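Dear colleague,

I am passing on the structure we talked about, with a summary of what came out of the analysis. Please look through it when you have a moment.

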Amino acid sequence: MALVPAAASRGRAMLLLAAVLALLVHGGACRAESDYDAAPIRYSSSAPEDVVAQLKSAVDEGVVRLEWDADHGWLPALLDYLAAPTDSQTLVFSKTSQQRRLISPDRPRALYFNDDVYLGWIPGAPLLEVSAVDPRLGAVFYTVDQTNHDRPDIQRDGGQCLACHATRQTEGVPGYLLRSVHPAVTGEPRLDLGGLASTPATPYSKRYGGWYVTARRDPLGHRGNSITRGDSLVPLAPSPLPTLDSVLATDRYLRPDSDLVALLVLEHQAHLHNLIARAGQETRRALHYNAALNDALDRPATHRSDSTRRRIDAAVRQLVRGLLMGGEPPLRGRVEGSGFAERYASEGPFDPAGRSLRQLDLRTRLFRYPCSPLVYSKAFDALPEEALASVRLQLAAALAESPAEGFEHLSAADRRAIREILTATKPGLLP
């Protein structure tokens with residue numbers, strides 16, 4: 001008689017196991033893009049902890065007061081408080097964002113950024129757009145009412161932004177997207193001619209369609225500074241273009257440029273933020289399903305299945321390849337922007353030999369030492385310990401004297417320098 005309940009118990013366990021295995025299968029390439037709203041992430045229902053969420057609380061409680069600017073609204077105060085430098089300004093004139101009707105080649109949207117936050121501003125627009133990288137949730141989007149009240153009204157986006165910013169083009173997580181399109185004379189994308197989400201692996205000839213690009217030296221042959229007439233791109237100004245004074249009324253903006261080096265760094269870190277968020281969310285999902293398996297099979301809570309380890313390692317593999325800038329095309333010659341590079345490279349941290357991951361090459365590649373400065377970011381540090389453990393092992397293998405497969409682009413001198421810089425400036429990252 002005792003065999004009946006035992007068999008029933010095994011049957012229930014097998015049914016639960018089958019359900020969990022199904023979740024694991026669908027958590028891979030076939031995972032629905034809305035899974036970020038399911039357990040354990042719960043993106044929409046979770047309270048964010050990013051720097052803009054913290055600022056909103058401080059403003060709403062009267063702890064922080066920001067100053068209104070008659071020309072730019074809340075933009076200067078937000079840039080100052082969030083430490084987003086004005087020299088990071090890039091200008092996009094394609095109609096490819098929330099307030100698209102207000103954008104045109106004569107009225108581009110200005111973007112500003114640092115390691116943790118992005119701001120988008122259009123002259124005279126009713127809303128200022130802000131996004132911050134939440135350590136757990138990935139990109140979180142906000143709007144700021146551009147009205148002169150006692151304090152700024154900062155509101156979290158209700159999901160509208162995720163229609164574009166949580167797709168396969170953002171690694172399936174709430175993230176960032178730099179589009180390159182064929183813009184008509186109005187800035188409207190010519191969808192019949194195609195477009196793409198630009199990443200550091202995109203050929204330069206396909207990048208920056210719909211963007212203004214300023215530089216003192218610009219050998220990249222990109223699609224920037226052009227509009228589409230017929231089926232062909234027509235330049236709006238000669239190249240290289242040091243400032244935009246001859247193209248639009250730059251006195252409405254904080255600067256007269258849209259720096260090429262800032263755009264290259266923006267493209268790099270937006271992609272890396274997506275990879276960090278994906279590695280974190282995939283790890284949390286894998287551990288969530290692993291816990292269900294352990295419960296179903298009466299295994300210790302500390303047990304990690306092979307499928308869980310494989311899933312975490314796969315997500316981390318993409319991240320480590322991104323960190324070490326694998327698959328990126330070489331620059332086509334010396335690049336010289338219009339002011340961003342010097343300040344960015346000076347921020348460190350530096351090792352005893354005076355080297356920093358922020359130092360730029362700008363001759364054959366973007367960074368002098370091909371390892372992303374986002375290893376210092378709060379989002380990277382907030383990765384689950386299982387993900388960080390996998391990062392340590394895979395990073396060490398990639399930087400070994402005989403590097404792991406897929407990292408042959410790193411010279412012996414590159415690997416040695418990166419190891420030494422990380423050992424001095426990021427203790428504990430390498431085993």
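**The largest pocket**

The largest pocket has a volume of about 750 Å³, where a pocket is an open set of points on a 1 Å grid over the protein atoms alone at which a 1.4 Å probe fits, with protein on both sides within 12 Å along at least five of seven lines, and a volume is the space filled by probe spheres set on the points, which are joined across faces, edges and corners. This is a predicted model, in which local features need pLDDT of at least 70 and side-chain atom pairs count only at pLDDT 80 or more, while totals for chains, interfaces and linings use all residues. Residues are numbered from 1 along each chain as its sequence is written, and side-chain values use heavy atoms, with hydrogens and water left out.

The pocket is lined by 31 residues, and nearest its centre lie Thr 96, Ser 97, Gln 98, Arg 109 and His 165 (lining residues have an atom within 4 Å of a point). Two or more lining residues come from each of strands S2 (109–113), S3 (117–121), S4 (127–134) and S5 (138–145) and from helix H4 (162–165), with S2 giving the most, at 4 residues. Helices (H or I, at least four residues) and strands (E, at least two) are DSSP runs, numbered from the N terminus.

**The sheet around S2**

An open sheet of 7 strands runs in the order S6-S5-S4-S3-S2-S1-S9 with antiparallel pairing, two strands being paired if DSSP finds at least two bridges between them. Strands S6 (154–156) and S9 (211–212) stand at the edges with a single partner strand each, so one side of each is left without a neighbour in the sheet.

S2 is joined to S1 by 3 bridges, with Leu 91 opposite Ala 110, and to S3 by 4 bridges, where Phe 113 has Tyr 118 as its bridge partner. S2 and S3 form a hairpin with 3 residues between them. Both faces of S2 are covered, with Arg 109, Leu 111 and Phe 113 buried on one side and Ala 110 and Tyr 112 buried on the other (buried means under 20% relative accessible area, with a 1.4 Å probe and protein chains only).

**Helix H5**

Helix H5 (residues 260–296) has 37 residues and reaches 54 Å from its first C-alpha to its last. Of these 37 residues, 32 are buried, so H5 is largely enclosed by the rest of the structure.

With best wishes

Terms used:
Expected span 1.5 Å × (residues − 1). Buried < 20%, exposed > 50% of the residue type's maximum accessible area, 1.4 Å probe, protein only.
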